[in-house]
Amino acid sequence: MNLLGLDAQGMERLFAIIGEKPFRARQVLKWIHRRGAADFGAMTDIAKDLRAKLAAVATIEPPVVIGDGTAADGTRKWLLKVDGANAVEAVFIPEDGRGTLCVSSQAGCTLDCEFCSTGKQGFNRNLTAAEIIGQLWLANRALGVHGQPGGVGAGNRAISNVVFMGMGEPMLNLDAVIPAARLMIDENGYGLSRRRVTVSTSGVVPGMDRLAAECPVALAVSLHAPDDALRDRLVPINRKYPIRALLAACNRYLEHAPRDFITFEYVMLDGVNDSDAQAQALLGIAARVRCKFNLIPFNPFPGSGLKRSGAERIRRFAEVLQRGGLTATTRKTRGDGIDAACGQLAGDVADRTRRTRTVPITEVRA
Ligand code: SAH
Ligand code: SF4
């Protein structure tokens, strides 16, 4: 059994089964996640016979790194093999005063948003908790900060924030996303505050309610359109959970959230959703839920048939929102040259859906 994906509860349960005390479980958790230990032999403050017992029944197994590239701006992308047929991507984005790791939650995505390269490649399977937390575990090791003095959450860690904005829809894989998120915020794990772990969703309403109840971290919602007619087309899950239901779920989430606003992500598509009138319409939405807007210039990929809004259009769109009293920021495009920007993550997914693949994967990754 792979211990990497067990949160405190899971580890204690396992230790109870093998006749060990809960505090031993926490010790092992610390070794794995705070110190980045990969083998039981290294766990020097744990009795030898327990180490041997663990080695006999358990492993610590991260995904295998099969690609590792760094862009000129310092953005680094890993391609991680999760099984014989699938690989997913994780991206580290260094910024002044913080470092963000963007993790994947599924191999592919079932939701097929029009502007997303992950969606276009189809879906194979959910990642396990070990495969999700394994991305953070590997990135921490690769960035060379494990084992330094200073303790959990200290400034010596390169990764200060985690966002579930890589491949996949996290709300459709909560059985794995929740234990992974719990490890991120656990003092014996990565010790990140709830505000520094953000789950992004295209609007899977029941998932939002479950996350609020079981592990309320910061929430970002991919809005992308001010009305149902357009959102039905761009984000097809809207046909099931239209804007009215989505906003109600946002308000319920806010009762549990570590922040007092929802971040609405809004991809800027030339001539599609970027007019002044559409910005005005967003003000009507903002009147119904406490929110901030994060505008994402569309990142093109081959065959999308869509274009990024011009810089001046984006500036003007943000201005309309700001004049209406909203906070609206524009995301910087990062990772040029290694296809590491939002919506460009394609990994290598053995598609099991019957969807016609509009973009050959090799082309996306070229
Ligand atoms: N499935 C989740 C999280 C992954 S996508 C979601 O949809 O929210 C993370 C963000 O990148 C989402 O806001 C998504 O809409 C956006 N995105 C997807 N494709 C993009 C593209 N080509 N250019 C810019 N942003 C994109
Ligand atoms: Fe899936 Fe999010 Fe991409 Fe939509 S934008 S296809 S929900 S990963």
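These notebook entries record what I looked up in the structure shown above.

**Entry 1: ground rules.** I am working with a predicted model, in which local features need pLDDT of at least 70 and side-chain atom pairs count only at pLDDT 80 or more, while totals for chains, interfaces and linings use all residues. I number residues from 1 along each chain as its sequence is written, chains are lettered from A and ligands numbered from 1 in the order in which they are written, and side-chain values use heavy atoms, with hydrogens and water left out.

**Entry 2: the whole chain.** I looked up the secondary structure and found twelve helices and twelve strands; these are DSSP runs numbered from the N terminus, with helices (H or I) of at least four residues and strands (E) of at least two. The radius of gyration is 21 Å, close to the 21 Å that the globule rule gives for 366 residues, so the chain is as compact as a globular protein of that length. I noted that this radius is taken over C-alpha atoms, and that the rule is 2.2 Å times the number of residues to the power 0.38. Along the principal axes, the C-alpha atoms fill a box of roughly 70 × 45 × 40 Å.

Entry 3: How many of the 366 residues count as buried? I found 57%, where buried means under 20% relative accessible area, exposed means over 50%, and partly exposed lies in between (1.4 Å probe, protein chains only). Among contacts (heavy atoms within 4.5 Å) between residues at least 6 apart in sequence, 66% join residues at least 24 apart.

**Entry 4: the nonpolar core.** The largest nonpolar core has 119 residues, of which Phe115, Phe264, Phe293 and Leu321 touch the most other members; such a core is a set of buried Ala, Val, Leu, Ile, Met, Phe, Trp, Tyr and Cys residues joined through side-chain atoms within 4.5 Å. Helix 6 (residues 174-185) gives the largest share of this core, nine residues. When I leave out residues up to four places away in sequence, Phe115 touches several residues, including His224, Leu234 and Phe298.

**Entry 5: two positive phi angles.** Most residues other than glycine have a negative phi. Aspartate 112, although not a glycine, has a positive phi of about 60°; this residue is in the loop between strand 5 (106-108) and helix 4 (117-120), and is partly exposed, with a relative accessible area of 25%. Histidine 224 also has a positive phi, near 70°, and lies in the loop between strand 9 (218-222) and helix 8 (228-234). Is histidine 224 buried or exposed? I found 4% relative accessibility, so histidine 224 counts as buried.

**Entry 6: valine 221.** I then turned to valine 221, which is placed in strand 9 and counts as buried at 0% relative accessibility. Beyond its neighbours within four places in sequence, valine 221 is in contact with residues that include Thr201, Met208, Ile262 and Phe264. From C-alpha to C-alpha, valine 221 and arginine 157 are 27 Å apart in space, and they are 64 residues apart in sequence.

**Entry 7: leucine 6.** Where does leucine 6 lie? I found leucine 6 in the segment before helix 1 (8-17), and at 14% relative accessibility it counts as buried. Leucine 6 and alanine 130 are 124 residues apart in sequence, yet 7.4 Å apart in space, C-alpha to C-alpha. Leaving aside neighbours within four places in sequence, I listed the contacts of leucine 6 as Met1, Met11, Leu14, Leu29 and Leu183.
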